[in-house]
Amino acid sequence: MSGYEFVALSLPPLLIGIFAAVACALPGNFLLLRRQALIGDAISHVVLPGIVLAFLVTGTISAWPMMLGAGAAALVTVVLIEVIRRLGRIEPGAAMGVVFTAMFAGGVLLLEQSDTSDVHLDVQHALYGNLESLIWLDATGWGSLLDPVALAGLPPELGRMALTLLFVALFTAVFWRPLKLTTFDEGFARTLGLPAGALGLALVIVAAIAAVAAFDAVGSIIVIAMFICPPAAARLMTNQLERQIGWSVGFAVLSAVLGYMLAGYGPLWLGFENAVSAAGMIATVSGLILGLAAVFGPCRARAGAPVAD
Amino acid sequence: MIWDALTLQLGYNATLVTIGAALLGIAAGVTGTFLFLGKRALVSDAISHATLPGVGLAFMVMVALGGDGRALPGLLAGSALSAGAGLVCVSWLSRRTRLAEDAAIGAVLSVFFGLGVVVLTVIQSMSAGRQAGLETFLLGATAGMLWNDAVVIATGGALVLLLALLLRRPMTLAAFDPEYAVGTGMNLRRVELAMMGLALAITVVGLKIVGLILIVALLIIPAVAARFWTNRVGGVVLIAGALGGASGYAGAALSATAPNLPTGPIIVLAAFALFLLSLLAAPGRGVLAAVLRHLRFQRRVHLRQGLLALAQGQPIYEPLTLRLMRRAGLVRADGVATEKGRARAAKALLDERRWALLRSDPRQETAAARYDGLTPLDTLLTPDQIVELDRNLGPRTAP
Amino acid sequence: MHLELASRDGHIEPAEGISQSPLAVRGLTVSYGEKPAVFSVDATFAPGAMTAIVGPNGAGKSTLLKAALGIVQPLSGRVTCWGRPLHTQRHRLAYVPQRASVDWDFPARVRDVVLMGLYRELGLLGRVRARHVETAMACLSRVGMEGFADRQIGQLSGGQQQRVFLARALAEGADLYLLDEPFAGVDVATEKAIIGVLKDLREQGRTVVAVHHDLSTVPDYFDRAFVINTRAIAEGPVAQAFVPEILQEAYGGRLAGAQIGAAG
């Protein structure tokens, strides 16, 4: 493959995939340790009603209103889950199941009822995304990376995703200590005067932002997979939170790169003509990595239950 | 039109599908109750998403064998196999590694679903055109369904319902009191396996109607909604079955009335409407009842504390206490006790003293355990017992 | 009877002025659902003393502690520390939660947990410097755990976990230590180590308040007792508040005669 082909066709989707994967994996680590891993699943389901509503309100398919709509839907979901859990004294998993299925159903119904035939808005797109189509038409080769005119033609998703990743990484770095403290021992954190409830909500909101931005570029599947698989695999590699974050970022990048390459070139090597879904393949690769970590990871087994001596 | 649909007058296929959806709904409500009570509601989410690669692979196998890739029984068999594999993965990850079950569920559902999407794109590229229809498994579609498929669904619905009813007793025991269940010689693992198998069967039967993304709603929402109405397991099962059946019936019937009313979402929204009704209006555990009860309780606590403070001549700090007492006519606007307030305060103090005495009397242990700071003692003891108690109370200290 | 300690309605006269007390609660009611776990409790804990909070299971001991710390929201009542609102005095408080209240499978080493006690000093972004690590190690050696700094916390025994929690509280350098069942399910060596540390703290003039379940050790370990059963029953020096009549009132017939004998 020539440099031109790579830079124009593969580099942007590859970078977007990497950014999306890491942006989701970072908050995923804390969600995993807080037993809230499935919040990512819930959020990515309700993105659909969010963007459909945004479309109905604005009448256009443009990124910012849709991301706002999706963000609002994610926030509504989180609040609804909490309300149902508290008011009904329902376990969180079940409360989640009630809310995200109902909102997703509402989104599908809205979509079917509204006239979206002339715009590209459908359930499949919401689920799979379309990573392969995010190409850089202005690129002529590696040199384009230094060419401001060509750079202006980069897919806008790349910039958005890079910004999102930056934001998520900053949040994780700045609130590292409070996040770690409230995740491990919420009661103790409260006695330090840390707003444990607000921090928990902030974490979920940041996860929602990552999910919404990633969803826009790559679809729901990657989002759910990246929230859970890289952090889970990382947990099985180490017993230290700092290292777990490092492993999870590594696994997320590896999943994105390997998945994208396998989806694009794997079928060609096998003699097929068409590539397969990159989003699906990235999720699959992350699952394989988790499987390997579950079999070989040095910290895969639970520590012996503390002995009451 | 809607009336026609609800009274099953839209033709044989629609009728069969509606009946099938109702039976499926009942079975899902019943089975979902046990998943929910065992705090494992979202396992069904992993099961349903894990069906996708099976559907795709079954299609490819059937085409490779020269058959029609879209034969429903074959696709359902494939989906059952891959959902079973997903279930094994969830169980293996949460048992053998340190990962919690929710992480295992999330990993399995996203990875299997991703794999399924890969398989679907493979199918697209190898036999363009002929795959049309596999996507309907995502959201369910009953429009234009073949007679044979409708029969498969109705039969499947009846079968899973029958199974759920047969397994009702052991599942109740296993979900409610696992230790006792083991004590009676029950093999918990096998019951759990049966429960998961049932959830899997419901998912598979529901694939064509509700779709794999939303079928989980049918297993969760009716059970959660039913929980608001009663505290008895048997009652929850019954109500969940009824709510599930009603959602399935109404949803399938309504969606048959117009082309752009997809069956799955309508069924789910019907179930959600019933859930909202339960959440708000159910007596006992419903939100309205709970809010009223809490306000009443808060008022009792504050009044009682205020009265005790009055009786001891202590200042009342809490603004809410003062406000409530003013409204009840126990203190004047300036905070000084009224006649009524003094009388009630004296009575509250007497009650506290009686309680204290009661607690130090070993014979009254059962009564003393009922102490919550609020219950007047004369609602628990007979007048004779009160007189007896007062005799030991000694001289009354002036408040 | 003990009328001099608690008037018969359960309201306790402050032993000393509220303004000096490191922890005082007034009219505290906490309720989970419809039944108050703690009802209209007044309590004034004496400065520089070791006080045991005792009472039967479900009597609201831990709830009282958690409400006093602002971990659970009370239905009514106010909490003051040294006469000031709780939130202005948090930096002078250290809390040792029940061991079972956290997930010990959390990916952290012993030293990471102890460093959490230095959060106030480190802040959001402050770097962990050599002196912080030294403080943490010193706290660990005070509880006899200096050899375990790099151990994964899930690999510790129950007693060791309890000691790590105490070391974390020591790192806070507080004036008031609040402990929730510090001796529950720990080995003899740990119990000795913990009580030694607590007595040292008292020697330094700090205040210790601990929820305690083992009545037989109250007179040995503590100066004062706060007896609670939903209402406050009594508070005072062990010789006066920890006597059979009061315990009988708190525990009812559930208190074995032997235990009263040992206690009285």
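Modeller: Strand β1 (residues 23–32) of chain C and strand β4 (residues 76–81) of chain C run antiparallel and are joined by 4 bridges. Strands here are DSSP runs of E of at least two residues, helices are runs of H or I of at least four, and both are numbered from the N terminus; two strands count as paired if DSSP finds at least two bridges between them. This is a predicted model, in which local features need pLDDT of at least 70 and side-chain atom pairs count only at pLDDT 80 or more, while totals for chains, interfaces and linings use all residues. Residues are numbered from 1 along each chain as its sequence is written, and chains are lettered from A and ligands numbered from 1 in the order in which they are written.

Within this pairing, V25(C) has V79(C) of β4(C) as its bridge partner. The two strands belong to an open sheet of 4 strands in chain C, ordered β2-β1-β4-β5 and paired antiparallel. At its edges lie β2 (35–45) and β5 (84–85) of chain C, each of which pairs on one side only. In general, strands of a sheet pair through backbone hydrogen bonds, either parallel or antiparallel.

Two residues of this region deserve attention for their backbone angles. S40(C), which sits in strand β2 of chain C, has a positive phi, near 50 degrees, although it is not glycine. S40(C) counts as buried because it has 28 C-beta neighbours inside 10 Å; the cut-off for buried is 20 or more other C-beta atoms within 10 Å of the residue's own, with 12 or fewer for exposed, partly exposed in between, and C-beta atoms placed from the backbone. W82(C) lies in the loop between β4 and β5 of chain C. Phi of W82(C) is likewise positive, near 50 degrees, in a residue other than glycine. W82(C) is partly exposed, with 17 other C-beta atoms within 10 Å.

Of the 264 residues in chain C, 55% are buried. Contacts, meaning pairs of residues whose C-beta atoms, placed from the backbone, lie within 7 Å, can also be sorted by separation in sequence. Among those in chain C between residues at least 6 apart, 70% join residues at least 24 apart.

Chain C also has a neighbour: 23 of its residues are in contact with 24 residues of chain B. On the side of chain B that touches chain C, α15 (287–311), α17 (339–359) and α18 (365–368) of chain B each supply at least two residues. The largest share, 7 residues, comes from α15(B). By class, this side of chain B divides into 9 nonpolar, 7 polar and 8 charged residues; Ala, Val, Leu, Ile, Met, Phe, Trp, Tyr, Cys and Pro count as nonpolar, Asp, Glu, Lys and Arg as charged, and the others, Gly among them, as polar.

Chain B meets chain A as well, in a contact that takes 53 residues from chain A and 49 residues from chain B. α4(A) gives the largest share of the side of chain A that touches chain B, 14 residues. The residues of that side comprise 31 nonpolar, 14 polar and 8 charged. Of the 22 residues of α4(A), 19 are buried, so this helix is largely enclosed by the rest of the structure.

Terms used: Two residues are in contact if their C-beta atoms, placed from the backbone, lie within 7 Å.
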